[in-house]
Amino acid sequence: MKKSSLNFWVDVALFTLLAITILAATVEVFLHCFVHVLLGLLLSAGALTHVALHWAWIRSSFARFTHLPDAVRTSFLLNLALFCAYTACGLMGLSARTLWLIFPPLHFVLGAVHVALALAVITLQLIHLARHWKWVTSTAQRLLEGV
């Protein structure tokens, strides 16, 4: 499988998993059934896979950051912000869940921070998707023509 095809299918899976994780949050609030937590852990693993697949670009961009064209530098900063938001959101969510029975007031505070970070993740993810929309549509068209 070509690298661009692999990246495309990993991205589709991650976007789908993000949407399901967000929808599962509603169930989680009322039932505390850990579905959202498990999906969030899967999403974290998928995000790390995504980073691993793009590691050469990350390393190269970091090494040449001051010499990058503005659009590439902006993409790098957006991706860094997205990674930090995902990481912080996941850590806050796990911390909130851990404190659910131990110390409920802190659970609610960390839960509110988790929600705010989740909104930041969604916003940054939509910006990221918009910036890569041409690649998404051209790759999808190429893959669907091959079917």
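Me: Ser 75 to start. Is it buried or exposed?
Reply: Buried. Its relative accessibility is 13%, and the cut-off for buried is under 20%. Bear in mind that this is a predicted model.

Me: Which helix is Ser 75 in?
Reply: Ser 75 belongs to α4.

Me: And what is Ser 75 in contact with, leaving aside neighbours within four places in sequence?
Reply: Trp 57 and Arg 131.

Me: How do the axes of α3 and α4 cross?
Reply: At roughly 115 degrees, coming within 11 Å. The crossing of α3 past α4 is left-handed.

Me: What classes of residue are in the contact of α3 with α4?
Reply: There are 5 nonpolar and 3 polar residues, and no charged ones.

Me: What does Ser 61 contact, beyond four places in sequence?
Reply: Leu 68, Val 72 and Phe 76.

Me: Take Phe 76. How far apart are Ser 61 and Phe 76 in space?
Reply: 7.2 Å, C-alpha to C-alpha. In sequence, 15 residues separate Ser 61 and Phe 76.

Me: Let's zoom out. How many helices and strands are in the chain?
Reply: 6 helices and 0 strands. From the N terminus, the order reads α-α-α-α-α-α.

Me: What box do the C-alpha atoms fill?
Reply: Roughly 50 × 40 × 20 Å, along the principal axes.

Me: And how much of the chain is buried?
Reply: 28% of the 147 residues.

Me: What about contacts at least 6 apart in sequence: what share join residues at least 24 apart?
Reply: 60% of them.

Me: Now the core. How many residues are in the largest nonpolar one?
Reply: 15. Leu 43, Tyr 86, Val 121 and Leu 124 have the most contacts inside that core.

Me: Which helices each supply at least two residues of this core?
Reply: α1 (3-31), α2 (35-53), α4 (70-98) and α5 (104-131).

Me: Pick Val 121. Which residues is it in contact with, neighbours within four places aside?
Reply: Leu 82, Ala 85, Tyr 86 and Cys 89. Tyr 86 is also one of the residues with the most contacts inside the core.

Me: On to helix pairs. At what angle do α2 and α4 pack?
Reply: About 155 degrees, with the axes 11 Å apart. That makes the pair roughly antiparallel, because the cut-off for that label is over 145. α2 passes α4 in a left-handed crossing.

Me: Which residues meet there?
Reply: α2 brings Val 37, Leu 41, Leu 43, Leu 48 and Val 51. They meet Phe 83, Tyr 86, Leu 94 and Arg 97 of α4. By class, this contact has 8 nonpolar residues, no polar ones and 1 charged.

Me: How about α1 and α2, what angle do they cross at?
Reply: Roughly 160 degrees, and their axes come within 9 Å. α1 and α2 are therefore roughly antiparallel as well. Their crossing is left-handed.

Me: And the classes in the contact of α1 with α2?
Reply: 15 nonpolar, 6 polar and 3 charged residues.

Me: What does Ser 4 touch, beyond four places in sequence?
Reply: Trp 135, Thr 139 and Arg 142. Ser 4 and Thr 139 are 135 residues apart in sequence, yet their C-alpha atoms are 7.6 Å apart.

Me: Last one, Phe 15. Where is it?
Reply: In α1. Phe 15 counts as partly exposed, at 43% relative accessibility.

Notes
Residues are numbered from 1 along each chain as its sequence is written. This is a predicted model: local features need pLDDT of at least 70, side-chain atom pairs count only at pLDDT 80 or more; totals for chains, interfaces and linings use all residues. Side-chain values use heavy atoms; hydrogens and water are left out. A nonpolar core is a set of buried Ala, Val, Leu, Ile, Met, Phe, Trp, Tyr and Cys residues joined through side-chain atoms within 4.5 Å. Buried means under 20% relative accessible area, exposed over 50%, partly exposed in between (1.4 Å probe, protein chains only). Helices (H or I, at least four residues) and strands (E, at least two) are DSSP runs, numbered from the N terminus. Contact means heavy atoms within 4.5 Å. Axes are lines fitted to C-alpha atoms, for helices over the stretch in contact, and angles run from 0 to 180 degrees between N-to-C directions. Angles under 35 degrees count as roughly parallel, over 145 as roughly antiparallel, 65 to 115 as roughly perpendicular and the rest as oblique. A crossing is left-handed if the near helix is turned anticlockwise from the far one by less than a right angle, and right-handed if clockwise. Ala, Val, Leu, Ile, Met, Phe, Trp, Tyr, Cys and Pro count as nonpolar, Asp, Glu, Lys and Arg as charged, and the others, Gly among them, as polar.
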